[in-house]
Amino acid sequence: MDVFPEEGRLVRDAREGDADALDALMRKYKNLVKARAAAYFLTGGDREDLIQEGMIGLFKAIRGFDPDKS
């Protein structure tokens, strides 16, 4: 049973090249990325840089997700 069928569909579609699905997932989880970035501090670093790195990580997670391994 898929606990999050909407997310599963969006991830599948995003991995197949659907830009709208990828955009929806990135928007949905942006606040989570921001919240996690707020927990880190880099001397001389910029908070926006951390958020950008987090969004890149989210993008890679979406593109590399394998539902058979979850």
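This is a predicted model: local features need pLDDT of at least 70, side-chain atom pairs count only at pLDDT 80 or more; totals for chains, interfaces and linings use all residues.
**Stop 1: the buried side of α1.** Select residues 5–15, which make up α1. Now highlight E7, L10, V11, D13 and A14, the buried residues of this helix. They sit on the same side of α1, because they cover an arc of only 165° around the axis.

**Stop 2: the end of the helix.** Step just past α1 to G17. Its phi is positive, about 100°.

Stop 3: Go back into α1 and show the side chain of R9. R9 and E6 are three residues apart in helix α1, so about one helical turn separates them. Both are partly exposed: R9 has 35% relative accessibility, and E6 has a relative accessible area of 45%.

A second salt bridge joins the side chains of R9 and D13, at 3.5 Å from N to O. Here the spacing is four residues within α1, again about one turn of the helix. D13 has 15% relative accessibility and counts as buried, because the cut-off is under 20%.

**Stop 4: R12.** Select R12 beside D13. Their side chains meet in a salt bridge too, at 3.3 Å from N to O. R12 is partly exposed, at 44% relative accessibility.

**Stop 5: the network.** Keep E6, R9, R12 and D13 on screen together. Salt bridges link these four residues in a network. Across the structure, there are five salt bridges.

Note on methods:
Residues are numbered from 1 along each chain as its sequence is written. Side-chain values use heavy atoms; hydrogens and water are left out. Buried means under 20% relative accessible area, exposed over 50%, partly exposed in between (1.4 Å probe, protein chains only). Helices (H or I, at least four residues) and strands (E, at least two) are DSSP runs, numbered from the N terminus. The arc is that of the directions from the helix axis to the C-beta atoms.
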